[in-house]
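Q: I am new to this one and would like to go through it piece by piece. Could you show it to me first?

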Amino acid sequence: MTQQTWDEVGGLLPFDEFRAASDAIVANIEQVIEGKTATVRLALAVLLAEGHLLIEDVPGVGKTKLAKALARSIDCSVRRIQFTPDLLPSDVTGVSVYNQETHDFEFRPGAVFANLVVGDEINRASPKTQSALLECMEERQVTVDGVTYQLQTPFMVIATQNPIEMEGTYPLPEAQRDRFTARIAMGYPDPTAELAMLDAHGAVDPLAALRPVSDAETVRRLIGHVRQVHVADAVKQYAIDLVTATRESPDLRLGASPRCTLQLLRTARAVAALDGRDYVLPDDLQVLAVPVLAHRLIPTADAQLARRTTDAIIADLVHRLPLPHDRKRSPYDNRPPTGNGRPPFEPRRP
């Protein structure tokens, strides 16, 4: 089978086919995940943005089920890694083994050689093992014993972690968190969705009966469609202003990186395409600001003492940053008019 690398995607899909394929994937996942349409659509948007997803929440809310449901909904190669303290980097990337018959070393691929890699409880592995994912998540390749092996496309790492239990865990370093395009939280279901879950999951597990509704070639064409979504210069400037605001905020010790700016625009393209548009709005960036930016930031000691989370800081920055002046104001923007020009950003003072 011919391996297709990251820069190679399939031909573009007509709009109707794109909408039908994406809606089918979302509907298929919702057979397992009840009442979380926005979360499911964001997970699919990260896949189409060629990014990686970190699912962080308390135990028992369906983090692993969401990852496995997405993986099973597309007919691609899937590998699951249960991260434990004794997991070795070679278990992830692969290892060269000496073959006595050929009297030579041969490479045996690790679990990362798949289209979708589900890493469960990623923060339970040692930093040495966590670092094995750095190259493949950023460069779509793995280097073992001086030989570089390209990964296929689509390629996505979906990792889960529990932020509550800290015993026997190793917090993800900043370099690894920055490689995750978005961080989402499942949250508790509402009573209606939880009642439906009891009916659906009470006797059998719907995940076991889930069948793929798409394949790797279709996903590649979906990605090609997303790459063509238009982003106006004013929207690009708004993304830069938003990221720059995190670097200038007195509440943050570490702001967002240029990689974050790029991934924010890529995810906005995917969200726009899923909403049926071939152009990105500033509203898309506002919706994505918290899931794409918050996990990359480090608050100052004063902000931590005031119990200001990075989610709250980002929400405040989005509210205070002026929208591009050459478009209509958002119906959700209740700030008073500021005049003709774009006022400079004024960081919050303690």
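Q: Where is Pro154 found?
A: Pro154 lies in the loop between β8 and β9; helices (H or I, at least four residues) and strands (E, at least two) are DSSP runs, numbered from the N terminus. A cis peptide bond joins Thr153 and Pro154, with omega at about 5°.

Q: Before we go on, what kind of model is this?
A: This is a predicted model, in which local features need pLDDT of at least 70 and side-chain atom pairs count only at pLDDT 80 or more, while totals for chains, interfaces and linings use all residues. Residues are numbered from 1 along each chain as its sequence is written, and side-chain values use heavy atoms, with hydrogens and water left out.

Q: What is the mean pLDDT of the protein?
A: The mean is 85, and 89% of the residues reach 70 or more; pLDDT is the predictor's confidence in each residue, from 0 to 100. Confidence is lowest in helix α8 (residues 191–201), at a mean of 80, and highest in α11, at 95.

Q: Over which residues does pLDDT stay under 50?
A: One such stretch is residues 327–335, for which the model has 15 contacts beyond four places in sequence; contact means heavy atoms within 4.5 Å. Another is residues 340–350, with 21 contacts beyond four places in sequence. Where pLDDT is low, the predicted coordinates should not be read in detail.

Q: What about β4 and β5?
A: Strand β4 (residues 94–99) and strand β5 (residues 104–109) are antiparallel and pair over six bridges. Val95 stands opposite Arg108 in β5. Four residues separate the two strands of this hairpin, and His103 in the turn has a positive phi of about 55°.

Q: In what order do the strands of the open sheet run?
A: Five strands form the open sheet in the order β3-β6-β9-β1-β10, with parallel pairing. Its edge strands are β3 (78–82) and β10 (182–184), each of which pairs on one side only. From one strand to the next the twist averages 15°.

Q: How many bridges join β1 to β9?
A: Four bridges join strand β1 (residues 53–56) to strand β9 (residues 156–161), and the two run parallel. Glu56 stands opposite Gln161 in β9.

Q: Now the helices. At what angle do α1 and α3 pack?
A: Helix α1 (residues 15–29) and helix α3 (residues 63–73) pack at about 135°, with their axes 9 Å apart. Axes are lines fitted to C-alpha atoms, for helices over the stretch in contact, and angles run from 0 to 180 degrees between N-to-C directions. The two helices are therefore oblique to each other: angles under 35 degrees count as roughly parallel, over 145 as roughly antiparallel, 65 to 115 as roughly perpendicular and the rest as oblique.

Q: Which residues meet there?
A: Ile25, Asn28 and Ile29 in α1 meet Leu66, Ala69, Leu70 and Ser73 in α3.

Q: And α9 with α11, what is the angle there?
A: Helix α9 (residues 216–227) packs against α11 at about 105°, and the axes are 9 Å apart. α9 and α11 are therefore roughly perpendicular to each other. The contact is made by His225, Val226 and Arg227 of α9 and Arg266, Arg269, Ala270 and Ala273 of α11.

Q: How close do the axes of α10 and α11 come?
A: The axes of helix α10 (residues 233–248) and helix α11 (residues 258–274) come within 10 Å and cross at roughly 140°. α10 and α11 are therefore oblique to each other.

How values were computed
Pairing = 2+ DSSP bridges.
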